[in-house]
Amino acid sequence: MAYFVACLLASTSHSRLLPVARASASAVAAIGLVGAAGAADLAAGELLFTQKCAACHAGGATTSFGGNNLSLKALERNGYATQAELVSLVSNGKGLMPAFGASAPPFARFDAAQLDNVAAYVLAQAAAGWK
Ligand code: HEC
């Protein structure tokens with residue numbers, strides 16, 4: 001909601017707020033896409049991220065293992081900047097990152113809603129610079 005408010009404020013001719021408006025717009029775009037795909041739950045996604053991803057990706061970094069981080073720049077460069085691409089990556093894993101989809105062991109497996117939620121959270125955070 002804060003994003004929408006910032007966006008509305010910035011679009012009413014306060015040009016010095018424009019950078020904010022741009023950052024907010026991409027966050028809103030990420031959330032908007034998700035909405036169209038079926039209302040992802042960002043709070044649930046955040047909880048999942050904390051429980052299952054943060055050990056290796058605290059604050060959007062990729063700690064210990066090296067490799068690519070979760071910044072918007074890296075996601076765009078590597079082709080993971082959309083909801084569908086992210087869901088696919090998290091399902092299948094990559095390099096040293098484990099899979100969380102159908103091929104994961106039952107205790108580590110995400111259902112479709114969980115995949116959607118965590119992907120939406122990552123995209124929203126990446127769009128907001130993991131602040
Ligand atoms: C055991 C550590 C580990 C866990 C747990 C883990 N990852 Fe990763 N992840 C990695 C590593 C290592 C890479 C880098 C792979 C590479 O670039 O070859 C990576 C890469 C990624 C990327 C791609 C970044 C890019 O730009 O290429 C995304 C997105 C991602 N992880 C999201 C997640 C999410 C979401 C979760 C939780 C559901 C998660 N990861 C759990 C280790 C992990």
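Predicted model: local features only at pLDDT ≥ 70, side-chain atom pairs only at ≥ 80, totals over all residues.
The ligand is surrounded by 25 residues. Cys53, Cys56, Gly67, Gly95 and Met97 are the closest of these. By class, 17 residues of the shell are nonpolar, 6 are polar and 2 are charged. Four helices each supply at least two shell residues: H3 (42–57), H4 (72–78), H5 (83–92) and H6 (112–127). H3 provides the largest share, with 5 residues.

Helix H5 was then examined for burial. Gln83, Leu86, Val87, Leu89 and Val90 are buried in this helix. Viewed down the axis of H5, the buried residues fall within an arc of 165°, so they line one face of the helix. Just after H5, Gly93 adopts a positive phi of about 75°.

The largest nonpolar core comprises 23 residues. Within this core, the residues with the most contacts are Leu86, Val90, Val118, Ala119, Val122, Leu123 and Ala126. H3, H4, H5 and H6 each supply at least two core residues. The largest share of the core, 10 residues, comes from H6. In soluble globular proteins, nonpolar side chains tend to be buried together.

Val90 links these descriptions. Val90 is one of the buried residues of H5, and Val90 is also among the core residues with the most contacts. Beyond its neighbours within four places in sequence, Val90 is in contact with Phe100, Leu115, Val118 and Ala119. Val118 and Ala119 are likewise among the core residues with the most contacts.

Key:
Residues numbered from 1 in each chain as written. Near = placed C-beta within 6 Å. Nonpolar A, V, L, I, M, F, W, Y, C, P; charged D, E, K, R; others polar. Buried ≥ 20, exposed ≤ 12 C-beta atoms within 10 Å, placed from the backbone. Arc of directions from axis to C-beta. Core = buried A, V, L, I, M, F, W, Y, C linked by C-beta atoms within 7 Å. Contact = placed C-beta atoms within 7 Å.
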